[in-house]
Amino acid sequence: MAKTQLGARVDQDVAELAKRRAADLGLSIGDYLARLVQDDASGLRARAVDAAARFLAEHQSVFDEAEQAEHAPRGANAA
């Protein structure tokens, strides 16, 4: 498939983040951006966010209990 060059201006921190993420994934910037657009257009990102929200809603009590236990004073549960 023929490639088309696009131009975009972004903040320096966004550009650096994109470069690092692309490198982490072993992709060129262009391939990384293409993947992001394809994931967004296909609804993959929205489905992933929805799935994460459902997971958190279903298991929030487990996270709350773990956080409370982490902040409980030592010996608070001693008999």
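Reply: In this predicted model, helices α1 and α2 are roughly perpendicular to each other. Helix α1 spans residues 12-25, and its axis lies 9 Å from that of α2, at an angle of about 90°. This angle falls in the range of 65 to 115 degrees, which is why the term roughly perpendicular applies. On the α1 side, the residues that meet α2 are A18, K19, R21, A22 and L25. Their counterparts in α2 are I29, Y32 and R35. Sorted by class, the contact of α1 with α2 comprises five nonpolar and three charged residues, with no polar ones.

The axes of α2, residues 29-42, and α3, residues 44-71, come within 4 Å and cross at roughly 70°. From α2, the residues L36, D39, D40 and S42 take part in the contact, while α3 contributes L44, R45 and R47. By class, this contact of α2 with α3 holds four charged residues, two nonpolar and one polar.

The two contacts belong to a simple overall arrangement. The protein has three helices and zero strands, and along the sequence the pattern reads α-α-α. As for the overall dimensions, the C-alpha atoms fill a box of roughly 70 × 25 × 20 Å along the principal axes. The radius of gyration of the protein is 21 Å, whereas a compact globule of 79 residues would have one near 12 Å. Of the 79 residues, 6% count as buried.

One further detail concerns the aromatic side chains. A search of the whole structure finds one aromatic pair. The pair consists of F55 and F63, whose ring centres are 6.2 Å apart and whose planes stand at 65°, so the arrangement is edge-to-face. The cut-off behind that name is an angle of over 60 degrees between the planes.

Key. Residues numbered from 1 in each chain as written. Predicted model: local features only at pLDDT ≥ 70, side-chain atom pairs only at ≥ 80, totals over all residues. Heavy atoms only, no water. Axes fitted to C-alpha atoms, helices over the stretch in contact; angles between N-to-C directions. Helix = DSSP H or I, 4+ residues; strand = E, 2+ residues; numbered from the N terminus. Contact = heavy atoms within 4.5 Å. Nonpolar A, V, L, I, M, F, W, Y, C, P; charged D, E, K, R; others polar. Phe/Tyr/Trp six-rings, centres within 6.5 Å; stacked < 30°, edge-to-face > 60°. Rg over C-alpha atoms; globule rule 2.2 N^0.38 Å. Buried < 20%, exposed > 50% of the residue type's maximum accessible area, 1.4 Å probe, protein only. Parallel < 35°, antiparallel > 145°, perpendicular 65-115°, else oblique.
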